[in-house]
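Subject: Structure handover

Hello,

Here is the structure we spoke about.

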Amino acid sequence: MLELRHRAGCPGPGGAVAPPPREGEAAGGDHETESTSDKETDIDDRYGDLDSRTDSDIPEILPSSDRTPEILKKALSGLSSRWKNWWIRGILTLTMISLFFLIIYMGSFMLMLLVLGIQVKCFHEIITIGYRVYRSYDLPWFRTLSWYFLLCVNYFFYGETVADYFATFVQREEQLQSLIRYHRFISFALYLAGFCMFVLSLVKKHYRLQFYMFAWTHVTLLITVTQSHLVIQNLFEGMIWFLVPISSVICNDITAYLFGFFFGRTPLIKLSPKKTWEGFIGGFFSTVVFGFIAAYVLSKYQYFVCPVEYRSDVNSFVTECEPSEIFQLQSYSLPPFLKAVLRRETVSLYPFQIHSIALSTFASLIGPFGGFFASGFKRAFKIKDFANTIPGHGGIMDRFDCQYLMATFVHVYITSFIRGPNPSKVLQQLLVLQPEQQLNIYKTLKTHLIEKGILQPTLKV
């Protein structure tokens with residue numbers, strides 16, 4: 001059918017009319033001279049109609065196997081599929097939350113490793129979908145180059161993090177100093193090597209699909225690596241900036257599911273037929289209340305509110321500081337209508353609780369659109385879940401599709417409304433300067449403080 005359409009000059013997959021074959025050419029492809037080798041002919045035969053495929057030609061991915069533990073299957077065998085799925089999701093959700101609490105207890109470094117592990121798994125799930133969809137085409141070097149680009153991008157982003165937050169440690173190691181000094185050049189050289197490998201892997205009559213996969217890989221990197229990097233940047237501002245946003249998204253996911261399960265009647269969006277307005281609205285109010293309470297509880301502890309800093313003297317991360325103003329109780333006057341209801345003039349709150357309302361609102365109103373985006377992606381490739389890693393939940397990407405939007409919002413929110421220059425980061429940068437440069441900065445800063453009256457001028461004898 002495709003061959004007939006092209007021969008007749010009918011619109012191809014992109015809507016363009018295929019030109020008639022030029023004199024001396026075959027109707028279905030380029031003219032091959034008699035000097036063409038047998039090997040090149042085999043390649044042409046193998047990939048000849050590759051760029052002529054339409055979206056309807058994309059093979060449907062086989063459904064993932066059920067990985068539910070046998071003990072759960074036997075215990076829930078008498079229930080309907082609806083309630084069986086409810087119990088499986090509930091049990092696995094409680095298990096994941098318990099493990100999350102354990103990792104929080106183990107400290108910020110373990111949380112960073114968790115974020116990195118989730119990033120790699122999400123990348124693997126998305127890339128695997130691309131590989132399965134176009135598997136019959138046997139793309140040259142596709143998987144190898146995809147993982148190579150993942151390493152390159154991670155090297156660039158986390159090398160920047162090491163330079164910013166571990167400068168004192170790097171200063172003691174001469175080998176690391178060279179790596180940090182030329183970090184961006186090395187990162188560019190590594191990426192350039194991958195770019196050249198991609199160009200060398202291009203196969204005749206295979207070009208367009210290979211560029212599809214090149215774009216697929218880079219969009220996947222944008223979704224996973226850059227967002228996970230922002231999550232870790234938020235974590236360095238204080239564990240509370242990591243926990244409240246993430247737990248708000250989790251709370252919204254759970255409560256929206258519960259409200260939708262028990263009260264849902266009105267469909268919300270066609271991309272996700274099971275989502276309802278009742279679940280969406282119930283999840284919103286529940287999330288705002290949860291975020292407000294969680295912010296109050298966590299703001300009491302330095303462990304959660306202090307920026308995460310690396311101390312070279314103890315060779316570990318520490319969370320000790322004098323909490324900033326947004327984590328200190330403040331008195332606020334109540335609006336007139338609340339004064340009559342609560343019978344009090346003022347209320348004591350942590351300013352962060354007010355910020356938590358903005359974070360929770362985003363998590364419940366905008367965050368779900370990350371899930372809708374993921375639903376559209378899965379529908380486009382005729383799959384139910386990204387993977388079957390978690391029984392009843394799908395893949396890791398299915399659980400964290402909303403978190404990536406949240407990570408970006410929190411980072412932008414902090415830089416826009418909360419944080420000025422980071423003193424710890426500035427200090428780390430000063431410590432790696434040459435002694436003459438440090439002395440000049442000291443003299444300039446001292447003169448500035450004397451002019452502002454903060455320091456008293458020294459008397460000259």
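The notes below go from the whole chain to single residues.

This is a predicted model, in which local features need pLDDT of at least 70 and side-chain atom pairs count only at pLDDT 80 or more, while totals for chains, interfaces and linings use all residues. Residues are numbered from 1 along each chain as its sequence is written, and side-chain values use heavy atoms, with hydrogens and water left out.

Confidence

The mean pLDDT (the predictor's confidence in each residue, from 0 to 100) of the protein chain is 79. Of its residues, 77% reach 70 or more. Two stretches should be read with care. Over residues 1–37 the pLDDT stays under 50, and the model has 31 contacts beyond four places in sequence for them; a contact means heavy atoms within 4.5 Å. Residues 39–56 also have pLDDT below 50, with 32 contacts in the model beyond near neighbours in sequence.

The chain as a whole

The protein chain has 20 helices and 6 strands. These are DSSP runs, numbered from the N terminus: helices are H or I with at least four residues, and strands are E with at least two. Of the 461 residues in the chain, 38% are buried. Buried means under 20% relative accessible area, exposed means over 50%, and partly exposed is in between (1.4 Å probe, protein chains only). Among contacts with a separation of 6 or more, 70% are between residues 24 or more positions apart. The chain exposes about 27,400 Å², and carbon and sulfur atoms supply 64% of that area. Accessible areas come from the Shrake-Rupley method with a 1.4 Å probe; for residues, only the protein chains shown count as cover.

The disulfide

The structure holds 1 disulfide, defined as a pair of cysteine sulfur atoms within 2.5 Å. It joins Cys-306 to Cys-321, with 2.0 Å from S to S. The link of Cys-306 and Cys-321 is left-handed, with -90° about the S-S bond. Cys-306 lies in the loop between helix H13 (302–305) and strand S3 (309–311), and Cys-321 in the loop between strand S4 (316–318) and strand S5 (330–333), so the pair ties together parts that are 15 residues apart in sequence. Cys-306 is buried at 0% relative accessibility, whereas Cys-321 is partly exposed at 26%. As for other cysteines, Cys-122 is buried at 0% relative accessibility, and Cys-402 is buried at 16%.

A nonpolar surface patch

Leu-79, Trp-83, Trp-87, Ile-91, Leu-258, Phe-259, Phe-262 and Phe-263 make a nonpolar surface patch of about 700 Å². Helix H4 (81–106) and helix H11 (239–263) are the elements that give two or more residues to the patch. H11 provides the largest share, 4 residues. Trp-87 lies in helix H4 and is partly exposed, with a relative accessible area of 40%.

Positive phi angles

Arg-343 is not a glycine, yet has a positive phi of about 55°. Arg-343 sits in the loop between helix H14 (336–342) and strand S6 (346–349) and is exposed, at 77% relative accessible area. Lys-382, also not a glycine, has a positive phi of about 60°. Lys-382 is in the loop between helix H16 (368–380) and helix H17 (396–400) and is partly exposed, at 41%.

Regards

Key: Patches are made of residues with over 30% relative accessible area and no salt bridge: like charges are joined within 9 Å, nonpolar side chains (Val, Leu, Ile, Met, Phe, Trp, Tyr) within 5 Å. A salt bridge is a side-chain nitrogen of Lys or Arg within 4 Å of a carboxyl oxygen of Asp or Glu.
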